[in-house]
Amino acid sequence: PLETPKLRLEVIGDSITSGEGGSGAGEEMTWNSFCFNAVDNYTYMAAKELGAVYNCISQSGWGVFCSWEGNEQQAIPLYYEQVCGLLNGERNKQLGAMEKWDFQKFQPDVIVAIGGGSPIDAAKAMWAFYEYPEVTFEQLCTPFSFPKLRQKAKFVAIPSTSGTATEVTAFSVITDYAKGIKYPLADFEITPDVAIVDPQLVESLPIKQVAYTGMDALTHAIEAYVSTLNSPFTDPLAIKAIEMVLDYLPQSYKCDMDAREQMHYAQCLAGQAFSNALLGIVHSMAHKTGAAFSTGHIPHGCANAIYLPYVIKYNAHEPEAMHRYADIARRVGLGGTSEKAQVNALIAKIEEFNRAMNIPKTLQEFGVKEDEFKEKLSSIAELAVGDACTGSNPRSITPEQMEKLFTCTYYGTEVDF
């Protein structure tokens with residue numbers, strides 16, 4: 001009889017050298033220290049159960065190729081310079097790193113992406129390059145234009161942050177630092193086959209990341225609820241996610257682990273909502289400014305938190321959008337006897353959350369230089385209007401209006417147009 005071929009798993013994610021006895025760069029990694037990481041236990045158990053050959057690419061730049069022969073375990077450290085540059089946010093300076101990397105050397109049947117939004121999103125794009133080596137990044141940037149995937153591999157996502165929900169969405173965001181632009185990729189082909197949403201993985205999340213990712217989740221849910229593509233199927237997911245974020249984010253920020261668990265579930269609900277209803281111009285603005293300024297990267301969740309109150313004020317000039325925002329306020333028990341008052345109460349609640357978690361109110365407060373902001377304003381406004389998320393915003397916007405809106409977010413002035 002023919003020998004059954006071994007399943008091959010490719011794992012992309014955050015550093016795997018954590019835990020007792022974790023090894024440093026250049027040192028031989030021991031299996032015991034490797035398995036101390038809870039995430040790696042998942043992949044270890046899955047691979048061993050399947051009798052799989054297992055390859056891991058970590059954010060630290062070290063990969064481990066493991067194979068099981070009877071009771072023997074072998075671990076050989078490997079270094080992938082191009083993937084290291086891609087997955088480590090601070091060192092991710094070239095989009096080309098992702099395009100150069102391919103899985104042809106390993107030929108996995110299953111790709112397991114572990115970590116926050118960046119490594120999982122990167123893995124989604126690399127999945128496409130693996131299955132279609134001839135495809136270009138420019139082709140993938142056209143919304144809903146991915147070729148049919150799963151010809152070679154299935155995809156498993158394990159999030160270690162509570163915000164992006166990329167583990168259940170049809171989206172990926174890839175940053176080109178050379179151009180200072182974030183590109184949203186959109187296609188249902190890149191929705192993972194399996195998502196493992198385990199709250200234990202976010203117990204040690206730094207509070208700044210709790211704040212940013214939590215506000216990202218809130219933005220997802222609110223934008224999905226007011227999107228032009230909202231539906232009776234997405235509304236319950238969005239509303240429940242909003243309720244949970246408002247209930248649990250403050251305590252999660254204070255390191256209440258029960259609340260942090262609920263936030264991990266809330267962000268997943270929000271992801272399911274926006275993956276079907278899509279988003280709006282809060283995300284358009286965040287995508288086009290996150291890597292645009294020399295003063296440093298604006299974390300995605302932080303950018304969303306800054307822009308959200310201003311965008312609500314802009315969108316609320318559209319009657320249907322005002323009604324939807326007011327409905328959110330009513331559903332979560334905020335005050336107000338008129339729709340305008342209810343919208344203002346929702347904005348006030350968001351601003352209260354931002355203050356409590358030390359999130360800046362304006363781009364100027366974040367540290368963006370005024371002269372650079374003015375120099376790039378026209379360009380980022382035009383790019384934001386052309387972003388894939390703009391089409392489902394409840395109120396249309398021109399480049400000139402976008403410039404005015406960005407100006408309000410920089411100086412903290414009133415949105416009266």
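# Close-up views of a predicted model

**Figure 1. The largest cavity and its lining.** Fourteen residues, given here as 14, line the largest cavity, and those nearest its centre are Glu223, Val226, Asn315, Tyr325 and Asn393. Two elements, α7 and α11 (300-315), each give two or more residues to this lining. The structure shown in this and every other view is a predicted model. The space inside the largest cavity comes to about 60 Å³. Sorted by class, its lining residues are eight nonpolar, five polar and one charged. A search of the whole structure for cavities of 30 Å³ or more finds two.

**Figure 2. The second largest cavity and its lining.** This cavity holds about 50 Å³ of space. Its lining is formed by Ser162, Val202, Leu205, Val210, Thr213, Gly214, Leu249, Ser252, Arg260 and Met263. Helices α7, α8 (235-253) and α9 (257-277) are the elements that give two or more residues to the lining of the second largest cavity. Of the elements, α7 gives the most, with three residues. The lining of the second largest cavity consists of five nonpolar, four polar and one charged residues.

**Figure 3. The second largest pocket.** The volume of the second largest pocket is about 190 Å³. Lys313, Ala316, His317, Met322, Lys340, Val343, Asn344, Ile347, Glu414 and Val415 form the lining of this pocket. Helix α13 (residues 339-356) supplies the largest share of that lining, four residues. In terms of class, five of the lining residues of the second largest pocket are nonpolar, two are polar and three are charged.

**Figure 4. The largest nonpolar core.** The largest nonpolar core contains 79 residues, and Tyr325, Leu405 and Phe406 touch the most other members. Helix α7 (residues 207-226) contributes the largest share of this core, eleven residues. A second, separate core has 23 residues, including Ile111, Tyr130, Leu185 and Ile190. In soluble globular proteins, nonpolar side chains tend to be buried together. Tyr325, a member of the largest core, is also among the lining residues that lie nearest the centre of the largest cavity.

**Figure 5. The surroundings of Phe406.** Which residues are in contact with Phe406, leaving aside its neighbours within four places in sequence? The contacts of Phe406 are Met285, Thr289, Tyr307, Phe373, Leu377, Ile380, Ala381 and Ala384. Phe406 is one of the residues that touch the most other members of the largest nonpolar core.

**Figure 6. Ser378 in helix α15.** Ser378 is found in helix α15, which covers residues 370-385. Glu403 is 25 residues away from Ser378 along the chain, yet the C-alpha atoms of Ser378 and Glu403 are separated by 6.4 Å.

Figure 7. Ala165 is a residue other than glycine with a positive phi, near 60°. Ala165 has its place in the loop between β6 (154-159) and β7 (171-176). Is Ala165 buried or exposed? Ala165 has a relative accessible area of 0% and therefore counts as buried, the limit being under 20%. Asn358 is not a glycine, but its phi is positive, at about 60°. The loop between α13 and α14 (363-366) contains Asn358. At 62% relative accessibility, Asn358 is over the 50% limit and so counts as exposed.

**Figure 8. Cys302 and Cys389.** Cys302 has a relative accessible area of 0% and is therefore buried. Cys389 also counts as buried, because its relative accessibility of 8% is under 20%. The structure holds zero disulfides.

**Figure 9. The protein as a whole.** How many helices and strands does the protein have? The protein has 16 helices and nine strands. Of its 417 residues, 56% count as buried. Among contacts in the protein with a separation of 6 or more, 71% are between residues 24 or more positions apart.

Key
Residues numbered from 1 in each chain as written. Predicted model: local features only at pLDDT ≥ 70, side-chain atom pairs only at ≥ 80, totals over all residues. Heavy atoms only, no water. 1 Å grid on protein atoms, 1.4 Å probe; cavity = no way out; pocket = protein on both sides within 12 Å on 5 of 7 lines; lining within 4 Å. Points joined across faces, edges and corners; volume = space filled by probe spheres on them. Nonpolar A, V, L, I, M, F, W, Y, C, P; charged D, E, K, R; others polar. Core = buried A, V, L, I, M, F, W, Y, C linked by side-chain atoms within 4.5 Å. Buried < 20%, exposed > 50% of the residue type's maximum accessible area, 1.4 Å probe, protein only. Contact = heavy atoms within 4.5 Å. Disulfide = S-S within 2.5 Å.
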